[in-house]
Amino acid sequence: MRFKVSIIGAGNVGSETARYLLHKDLADVVLIDIVEGLAKGKALDLGQASQIIGFSGKIKGSTNYEDIADSEVVVITAGLPRKPGMSRDDLIEVNFKIIKDVCEKVKIYAKNSIVIVVTNPLDAMTYAAYKILGFERERVIGQAGVLDSARLSYFVAQKLNVSPYEVQGLVLGTHGDDMIPLIRYTTVNGIPITKLLSQEEIDEIVKRTKYGGGEIVQLMGTSAFFAPGSATAYMVEAILKDSKKMLPASVYTKSEYGLSDVVIGLPVILGKNGVEKIVELELNEEEKNALNSCAEHIKELQSVVDRLLVN
Ligand code: APR
């Protein structure tokens, strides 16, 4: 059986997500974009690489949401990216309108799908999607933690001159400047990085991880897409293969970590049903305080979303 994944937003992140899924031959892919011709053009371009790369998955570009019917997973990357000087939070009003438009259609045409949100500000947009879609929380998941953790792992690997593949970084909380790189749980093949790096080196890595997205926006004038697209497709792959990967993702909390009614990055197990479990790690006081202050910040953004939802 072939899987079907639809990606709403055929821009930079959406295209990179599609490319990963196709190159690994994981699913047929539908790309949807509001801009006439963009999704169709990208689909043709991606498809024309199939003979060279060696994949058989079908790719279709469209502006018509009927094409997303029967998708196992829908990825939402539609929305504006940051420009230099902007925070992710600055995008809330403009991207809320886009998320609303997209989710209302996903709800009609792919009501059984698992939805992965990538649009920023990530946690608030995942909350908006959860409210608009009305799906159970296990099927509305935000992608940020995989990306932030991969950035942390990459910087650790660079500093130690080891393969990034050997590093298991873990970042929880929000996808913003107050994200929480959990150094105690970051290891190189099981060895805590606190045994391998000085505090000064760790502080430098933490700082660079937190501003990892901003560093790229400053360099390119728009936001990153290779790592965000790969991180998103990695989550899709875990769902399609039912691989029960434990990874950080943004989820709607009911009581976990003492939090409720907030969408925040926590470790989860991903499988064919979406979020199959939220894993409760033991946190020290400092980590708990950091998570609580992330939650407060996200709740402020969620109250903006709540206001926009009734207007
Ligand atoms: N419906 C469908 N597509 C839309 C809509 C809509 N209502 N509104 C915008 N789009 C499309 C745009 O036409 C564009 O092709 O979304 C795409 C976004 O692509 P980019 O501008 O290249 O942005 P990208 O870098 O992919 O980032 C997308 O992900 O990481 C986040 O912060 C980032 O919020 C941003 C999102």
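**Reading the model feature by feature**

Tutor: In helix α2 (residues 38–47), the residues Ala39, Ala43 and Leu46 are buried. Viewed down the axis of α2, the buried residues fall within an arc of 65°, so they line one face of the helix. Please bear in mind throughout that this is a predicted model.

Student: Why do residues three or four places apart in a helix point the same way?

Tutor: An α-helix has 3.6 residues a turn, so residues with that spacing point the same way. In the present case, Leu44 and Asp45 are exposed on the other side of α2.

Student: Against which elements do the buried residues of α2 pack?

Tutor: They pack against α1 (12–23), β2 (28–32), α3 (50–53) and β3 (59–62).

Student: How should I read the domains, and how many residues of each are in contact?

Tutor: The domain assignment gives domain 1 (4–142) and domain 2 (145–310). Their C-alpha centres lie 21 Å apart. Across the boundary, 44 residues of domain 1 are in contact with 52 residues of domain 2.

Student: Which residues touch the most other members of the largest nonpolar core?

Tutor: The general idea is that in soluble globular proteins, nonpolar side chains tend to be buried together. Here the largest nonpolar core has 54 residues, and Val5, Leu21, Ile264 and Leu270 touch the most other members. Helix α9 (residues 226–240) gives the most to this core, with 7 residues. Domain 1 (4–142) and domain 2 (145–310) both contribute residues, so the core lies between them. Apart from it lies another core, of 35 residues, among them Phe96, Ala124, Leu301 and Val304.

Student: What does Val5 touch, leaving aside its neighbours within four places in sequence?

Tutor: Its contacts include Leu21, Ala27, Val73 and Val75, and also Val236 and Leu240.

Student: How many salt bridges does a search of the whole structure find?

Tutor: Side chains of opposite charge can pair when their charged atoms come close. The search finds 17 salt bridges. In one of them, the side chains of Glu256 and Arg137 meet at 2.9 Å, N to O. Glu256 lies in the loop between β12 (245–252) and β13 (263–271), and Arg137 in the loop between α5 (122–133) and β6 (140–142), so the pair ties together parts that are 119 residues apart in sequence. Glu256 and Arg137 are buried.

Student: Where do Lys159 and Glu204 lie, and are they buried or partly exposed?

Tutor: Lys159 forms a salt bridge with Glu204, the closest N and O atoms being 3.5 Å apart. Lys159 is in helix α6 and Glu204 in helix α7 (residues 199–210), so this pair ties together parts that are 45 residues apart in sequence. Lys159 is partly exposed, with a relative accessible area of 36%, and Glu204 is partly exposed at 48%.

Student: Finally, which backbone features deserve a look?

Tutor: Begin with the peptide bonds. A cis peptide bond joins Asn120 and Pro121, with omega about -5°. Pro121 lies in the loop between β5 (114–117) and α5. Next, look for positive phi values. Asp242 has a positive phi of about 55° although it is not a glycine, and this residue is found in the loop between α9 and β12. Asp261 also has a positive phi, near 55°, and is found in the loop between β12 and β13. Asp242 counts as partly exposed at 25% relative accessibility, and Asp261 counts as partly exposed at 32%.

Conventions: Residues are numbered from 1 along each chain as its sequence is written. This is a predicted model: local features need pLDDT of at least 70, side-chain atom pairs count only at pLDDT 80 or more; totals for chains, interfaces and linings use all residues. Side-chain values use heavy atoms; hydrogens and water are left out. Buried means under 20% relative accessible area, exposed over 50%, partly exposed in between (1.4 Å probe, protein chains only). Helices (H or I, at least four residues) and strands (E, at least two) are DSSP runs, numbered from the N terminus. The arc is that of the directions from the helix axis to the C-beta atoms. Contact means heavy atoms within 4.5 Å. A nonpolar core is a set of buried Ala, Val, Leu, Ile, Met, Phe, Trp, Tyr and Cys residues joined through side-chain atoms within 4.5 Å. Domain bounds come from an automatic or database domain assignment. A salt bridge is a side-chain nitrogen of Lys or Arg within 4 Å of a carboxyl oxygen of Asp or Glu.
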